[in-house]
Amino acid sequence: MTIGRDEIGQRSETVRRANLSAIVRELHERGPSSRSELVTRTGLTRSAIRGLTGELVLAGLASEEPAMRLGTPGRPSPVVCPNPGGATVLALEIEVDSLAAALVGLGGEVMGLIRVDRPRGHSSVEEIVGDLADLAAAAKAGRPSGEKVIGVGVAVAGVVRRSDGRVSMAPNLGWSDAPLGEVLARSLGASVPISVANEADLGVLAEHRRGVARGVDNVLYISGEVGVGGGLIVDGRPLSGEAGYGGEIGHLPVNPAGAACRCGSVGCLETEVGEGALLVRAGHAAAGGRPAVEAVLREAADGSPAALAALDHVGRWLGLGLAGLVNVLNPRLIVLGGLFGRIHPWIAGTLDAELTRRALPAPRALVRVVPASLGLDAPLLGAAELAFEPLLSDPAAWVGPRDAIPDLESA
Ligand SMILES: [Zn+2]
């Protein structure tokens, strides 16, 4: 079989695109790296790295700083840095009790973050999008006008169809089958792609890229405020399911004799471990919100039996729900976000014991439970990561084609 010149050219272009993607991903996820480090991490040759980083510098996506001697033998290697202003994304977040916007540059630099409280309760999609547009304008104010916004990522506390950002269900916002993606596109007048995803799916993405789960390939994330959300990284990749609805750990049916859930079912994990369940069991009003949770923790510190029993209940049921997932998914890390991160010191003992009692010994022995490290902003940072994905997968679309002779050395 003979291979024609065109075919060689095409193959070489495919290899170049994949190699550019590997380098931009390295720079974005790990920050400034010397050319030698890039050689080691990508497996490409020195000359391929030199050529490709040169292309990224020309396209404004990276800059090169003079070589630094690091006390190692051999020629010093120039340092390649991601250029935050060369590609920025707009990240937006819709939570039940707050809205947020930020501009995030390539490499993960957050260049303006605004979060405002919103009263819990129902609002129309148009109202919330209007508020988000104002926040986005405020986040952009003061940024250089030449800055290139290449995408918009949106985290929302609801169940989302990834293909068009339609929110099939967000009971705490009062949305059912809400065309969030469409309304956002109209309002922002954006000529760039808008990607919408569930907030916990993005929380785990952020913790995986930049937080406590960095470098861990199998991660289970559960976060709670009013509702309980979940997100999964399996074999290094976010698990979203057929349409993006996957990962709803809060709606795992756990108690056939349990309470009605806002999703319409009965006895979901959320009804046993959510904020409302904790507050009611501790003798507070279900709608007390974060200040009431703080009060429960103070009462627990003072030895209140009701507060301690309520925390114990949450720890046990969380352990029961997570044990099943540990058996199915064999994660290395369980990351507790939001409410669960804050109450972790109070529930750690019960939760660990329940996991040990219910999960299979082998996967149980491998998994650790830790609080999230990025705090409240994890979903917003994850939304930025989502918006960067097209650039990271194929930076050549931004860099443009290369006319030079194919560099077969790098293949
Ligand atoms: Zn439910």
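**The open sheet**

Modeller: Glu 93 stands opposite Ala 155, a residue of strand S7. Strands here are DSSP runs of E with at least two residues, while helices are runs of H or I with at least four, both numbered from the N terminus, and two strands count as paired if DSSP finds at least two bridges between them.

The model is a predicted one, in which local features need pLDDT of at least 70 and side-chain atom pairs count only at pLDDT 80 or more, whereas totals for chains, interfaces and linings use all residues. Residues are numbered from 1 along each chain as its sequence is written, and side-chain values use heavy atoms, with hydrogens and water left out.

S4 and S7 are part of an open sheet of 5 strands, arranged in the order S6-S5-S4-S7-S11 with mixed pairing. Strand S6 (110-117) and strand S11 (194-198) stand at the edges with a single partner strand each, so one side of each has no neighbour in the sheet. On average, neighbouring strands of this sheet are turned by 15° against each other, direction ignored. Helix H5 (residues 180-188) packs on the sheet and touches S4, S7 and S11, and its direction makes about 145° with that of S11. Contact means heavy atoms within 4.5 Å, and angles run from 0 to 180 degrees between N-to-C directions of axes, which are lines fitted to C-alpha atoms, for helices over the stretch in contact.
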